[in-house]
Amino acid sequence: MGPLQALSLLLLASLANSAAPPPSSYRSTLTHIDSKLGFTKAQLMRRAVHRSRLRAATTLPGYSTTSSMSSTGPRLRSGQAEYLMELAIGTPPVPFVALADTGSDLTWTQCQPCKLCFPQDTPVYDPTTSSSFSPMPCSSATCLPIWSRNCTPSALCRYRYAYGDGAYSAGGLGTETLTFGSSTPGEAPAASAGGVAFGCGTDNGGDSYNSTGTVGLGRGSLSLVAQLGVGKFSYCLTDFFNTSLGSPVLFGSVAELATSGDAAVQSTPLLQSPQSPSRYYVSLEGISLGDTRLPIPNQTFALRADGTGGMIVDSGTIFTILVESAFRVVANHVAEVLGQPAVNATSLDNPCFPAPAGERQLPAMPDMVLHFAGGADMTLHRDNYMSFDGEDSSFCLNIAGATSTSTSVLGNFQQQNIHLLFDITVGQMSFVPTDCSKL
C-alpha cells in the first residue's frame, strides 16, 4: 500500500469516527461516601441519622428551598449527597469523582486556577489543558436560567451554587467531554459524551465528602440526564452496610429493568412540584405492615397544587422521612410487632426498641409495603426498614418523622437491592427487586 493510499484510509476512518452517533447508553459506579473509612455498623448508623436530618433540613419544602440573588447570580439551595459517581472530564480525561445528586441539576467540578478549593486526592481539573473545553457566554440559552444579570456580549456565564450545610461552588459555566466507564478488561467499555454544560468551580468551600464536585441527576434541562439526551436512567443500591460494594448507575438503553424470579417490574407516574420541579415526586397512597393496611388517610401523602406534600424519591436522603401523622402510625405498629414501646417514643428520630438480653440479631418481621399510584407495590423486607444496633443492643426502625413539612421522602436505605428506573420522557418511575451486586 502506497503512502497516499494509507493517508486516504486514515482520513476515511477519521471521517467515519467523527460522524459516528453518540452512545445510546452509559454506565458508571456509585460508591458510598463512607466506604473505605473503616466505620463499624453502629458508627455508620449514627452518621446516617445525622446526615438524614441535615439533608431534610436543607432540601424539604418548609425547611429551605428558596433561591436568593447574590452579586454573581442566583444562590440556589440543595443538600449533600450520599454516593460518589466515578467519571472523567476533559481531553485528555482526568478523574472526576462527583457526588451524585438526584435533587439538583448542575454538574460542577473544582477548576484551576483555584481561588479557593477544598483538598482532593486527584489533580484539580485545568480547562486550559483540555482540548474539548469551551467557555459559555452569558447570552447562551443554557446560561439564562443560571445567571442573566448584567449580561454583555463579551461576558461569560457565571454561577454560584450553595448547599444548606454551608458548602458552595462558584465559577464559570462551560462545556466539556465527560467519560463514563473504564478501559479495564472485564469491565464496561468507556463511553464519552461531548458538549456537556458544567460548572468550572474556582471558589469552593465546605465538606466535599471525598468528592471533586457534583453530578446533577435531577429533572431539569441542565441535568446530566437531560444533556445526555437518553431520556432515562436507573440505579441499583447495594447493601448499605457492605461499603466495599459499588452500585451501578445506568443511562439510556442499558438502564432498562430486567426481571428475576417471580418479581415483576412495577411502575408509577412521576409527578412534578412547582416548588421543586427538578425533584422526582411520586404518589404514595398507603402503607401496609404484613397483611395489615395501616390506618393512614388516603390524602396524607398527596402532592397539592401549590407544590406542598407529596413524596420525593431521593438518593441523597438515607432514612425514609414521613409526615408526623403517618410516622406515628408506622412506629406504633412496629412497636406492636416487637411487643414493646420505643426508647425514644416521643422523638421523631428513627425509633429504637430494646433487644432481649443476649439477642444479637433482628427477629423475624413482616414485610412493609409501600402502595404507589397505578397499583405499584414496593415491598420492603425486614432489612430494608430495620437494623440491629449492637452498641445499644436495640432494634431500630430506619424511618423518621417530620413536623415542619408536609413532604415525605423515600430514602436510600429503603431502596437497597431495588433497581429503580426514572423515565423522564414518559414521566414514570419503575422498579423491581434485584441483587444489585450482580448487575
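The disulfide between Cys-111 and Cys-200 is left-handed, with -120° about the S-S bond. This link connects distant parts of the chain, since Cys-111 lies in the loop between β6 (108-110) and β7 (134-135), while Cys-200 lies in strand β10 (residues 191-205), 89 residues apart. The model is predicted: local features need pLDDT of at least 70, side-chain atom pairs count only at pLDDT 80 or more, and totals for chains, interfaces and linings use all residues. Residues are numbered from 1 along each chain as its sequence is written, and side-chain values use heavy atoms, with hydrogens and water left out.

**Overall composition**

- The protein has 4 helices and 28 strands, taken as DSSP runs numbered from the N terminus (helices: H or I, at least four residues; strands: E, at least two).
- Of the 439 residues, 53% count as buried, where buried means under 20% relative accessible area, exposed over 50%, and partly exposed in between (1.4 Å probe, protein chains only).
- Among contacts (heavy atoms within 4.5 Å) between residues at least 6 apart in sequence, 70% join residues at least 24 apart.

**Disulfides**

- The protein has 6 disulfides, each defined as a pair of cysteine sulfur atoms within 2.5 Å.
- In the pair of Cys-111 and Cys-200, the sulfur atoms are 2.1 Å apart, and both residues are buried.
- Cys-114 and Cys-117 are also joined, with their sulfur atoms 1.9 Å apart; this link is left-handed, with -80° about the S-S bond.
- Cys-114 is partly exposed at a relative accessible area of 30%, and Cys-117 is partly exposed at 23%.
- Cys-143 is bonded to Cys-157 with an S to S distance of 2.1 Å, and the link is right-handed, with 90° about the S-S bond.
- Both Cys-143 and Cys-157 lie in the loop between β7 and β8 (158-163), so the pair ties together parts that are 14 residues apart in sequence.
- Cys-143 is buried at 0% relative accessibility, as is Cys-157 at 0%.

**Sheets**

- An open sheet of 4 strands has the order β17-β16-β21-β22 with antiparallel pairing; two strands pair if DSSP finds at least two bridges between them.
- The edge strands of this sheet are β17 (292-293) and β22 (376-380), each pairing on one side only.
- Strand β16 (residues 284-289) is joined to β17 by 2 bridges, and Leu-289 has Thr-292 in β17 as its bridge partner.
- Another open sheet contains 3 antiparallel strands in the order β20-β24-β23.
- Strands β20 (352-354) and β23 (386-389) stand at its edges, each with a single partner strand, so one side of each lacks a neighbour in the sheet.
- β23 pairs with strand β24 (residues 394-397) over 4 bridges, and Met-386 has Leu-397 in β24 as its bridge partner.
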